[in-house]
Amino acid sequence: MTSSDVTEKRVHIIQGEFFVTRDRDVMVTTILGSCIAACIRDPLAGVGGINHFLLPGSIGPNAAEDERMGVHLMELLVNGLLKAGARRERLEAKLFGGARTVKSHSDIGKHNAEFAQRFLKAEGITYVGGSTGGLQGRRIQYWPVSGRARQILLAGPAKIERPAPLPVATVDANAGELELF
Amino acid sequence: MPSMQQLTILVVDDTSVSRALITDGLAQIGLKNVKVAKDGEEGLRMMMTAPCHLVISDYNMPKIDGIQLLRALRQHAPTSKVGFILVTGKGDKALIDEGKKWGLNNFLAKPFAVPQLKTCIEAVVGKLT
């Protein structure tokens with residue numbers, strides 16, 4: 001087999017989306033600033049997925065309401081994995097993102113990362129690594145079935161992402177381009 | 001018009017954080033008689049042994065999903081008339097239509113805020129006092 005015989009399928013997701021696959025040739029990309037990407041898989045079932053979320057506001061009086069959105073997006077991913085054959089007790093997760101994108105703002109990135117960690121702990125999902133915090137945005141490449149993840153730090157601070165309409169991830173032939181933000 | 005003290009509620013959700021969000025919301029509304037089940041199977045078992053007035057159930061659960069739980073409750077005389085609220089993602093019209101065939105009383109789209117939860121409950125049981 002030559003390298004040209006290997007077909008790597010790329011999927012790009014943006015904020016508010018999630019993607020689940022059993023295809024080991026699929027590589028998912030996403031661009032993160034203060035957002036978080038949870039990369040979760042069941043190694044035994046050979047199924048994995050990723051989401052990309054930002055708790056809308058914050059820190060402050062509306063934090064609890066904002067966390068409902070985060071819970072919903074985490075739940076969509078976990079339910080998608082279970083539906084594809086994963087078992088909850090075997091799930092393992094990596095977390096990326098949560099950068100402090102603008103120094104003068106509240107540290108929303110940190111708040112996002114803490115929320116994701118709390119969610120994993122509460123749901124008994126094993127945290128196996130990742131990279132959160134810092135001042136730079138990240139480009140993430142994730143192979144959901146193998147669990148392999150690659151992070152590329154972006155030069156300079158990432159811009160704050162704006163919430164996008166919820167839903168369905170689509171295969172993007174131009175995946176990998178820096179098109180978010 | 002039900003009294004908040006009398007109304008018994010069973011929350012069924014396999015995601016513990018979601019269960020906590022719903023029960024916290026119920027507590028904020030003033031509803032304290034709340035039981036929880038970690039999945040549809042446990043919810044069904046609990047309703048068979050000690051029925052509650054109202055079930056608030058997630059749809060997407062392993063083993064027994066929210067609609068299957070609703071169907072099982074409707075087919076069992078002691079629980080056939082209990083209120084049932086299905087918690088779903090947005091845009092699940094087909095799912096809601098399927099639920100209505102089995103006597104679904106109301107649904108709640110995630111993510112929801114506490115006032116929406118209260119309105120949804122009151123639409124089923126009447127104004128809470």
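Predicted model: local features only at pLDDT ≥ 70, side-chain atom pairs only at ≥ 80, totals over all residues.
Visitor: Let's start with chain A. In what pattern do its helices and strands follow each other along the sequence?
Guide: Chain A has two helices and nine strands. Reading along the sequence, you get β-β-β-β-β-α-β-α-β-β-β.

Visitor: What percentage of the contacts in chain A, counting a separation of 6 or more, link residues 24 or more positions apart?
Guide: Chain A has 181 residues, and 46% of them are buried. Of its contacts with a separation of 6 or more, the share from residues 24 or more positions apart is 70%.

Visitor: How far apart are the end C-alpha atoms of H2(A), and what span should its residues give?
Guide: H2(A) covers residues 108–123, which is 16 residues. At 1.5 Å a residue, counting one less than the number of residues, the helix should span 22 Å, and its end C-alpha atoms agree, at 22 Å.

Visitor: On to where the chains meet. Which element gives the most to the side of chain A that touches chain B?
Guide: The contact takes 14 residues from chain A and 13 residues from chain B. On the chain A side, the elements giving two or more residues are H1 (63–83) and H2 of chain A. By class, that side has eight nonpolar, two polar and four charged residues. The top contributor, with 10 residues, is H1(A).

Visitor: Now chain B. Are H2(B) and H3(B) roughly parallel or roughly perpendicular?
Guide: H2(B) (residues 40–49) and H3(B) (residues 66–74) pack with their axes 10 Å apart, at an angle of about 20 degrees. Angles under 35 degrees count as roughly parallel, so H2(B) and H3(B) are roughly parallel.

Visitor: How many charged residues are in the contact of H2(B) with H3(B)?
Guide: H2(B) passes H3(B) in a right-handed crossing. Gly40(B), Gly43(B), Leu44(B) and Met47(B) of H2(B) touch Gly66(B), Gln68(B), Leu69(B), Ala72(B) and Leu73(B) of H3(B). Sorted by class, that contact has five nonpolar residues, four polar, and charged ones: none.

Visitor: What about H1(B) and H5(B): roughly parallel or roughly perpendicular?
Guide: Gly25(B), Gln28(B) and Ile29(B) in H1(B) meet Val114(B), Leu117(B) and Lys118(B) in H5(B). The axes are 9 Å apart and the angle is about 75 degrees. Since 65 to 115 degrees is the range that counts, H1(B) and H5(B) are roughly perpendicular.

Visitor: Which residue follows H1(B) with a positive phi?
Guide: In H1(B), the buried residues include Val17(B), Leu21(B) and Gly25(B). After the helix, phi is positive, near 110 degrees, in Gly30(B).

Visitor: Which two residues in chain B are joined by a cis peptide bond?
Guide: Most peptide bonds are trans. Here, look in the loop between E5 (106–109) and H5 of chain B, where Pro111(B) sits. With omega at about -10 degrees, the cis bond joins Lys110(B) and Pro111(B).

Visitor: Is Lys63(B) buried or exposed?
Guide: Lys63(B) lies in the loop between E3 (54–58) and H3 of chain B. Its phi is positive, near 70 degrees, though the residue is not a glycine. A residue counts as exposed with 12 or fewer other C-beta atoms within 10 Å, and Lys63(B) has 12, so it is exposed.

Methods: Residues numbered from 1 in each chain as written. Chains lettered and ligands numbered in written order. Axes fitted to C-alpha atoms, helices over the stretch in contact; angles between N-to-C directions. Helix = DSSP H or I, 4+ residues; strand = E, 2+ residues; numbered from the N terminus. Parallel < 35°, antiparallel > 145°, perpendicular 65-115°, else oblique. Left-handed = near helix turned anticlockwise from the far one by under 90°. Contact = placed C-beta atoms within 7 Å. Nonpolar A, V, L, I, M, F, W, Y, C, P; charged D, E, K, R; others polar. Buried ≥ 20, exposed ≤ 12 C-beta atoms within 10 Å, placed from the backbone.
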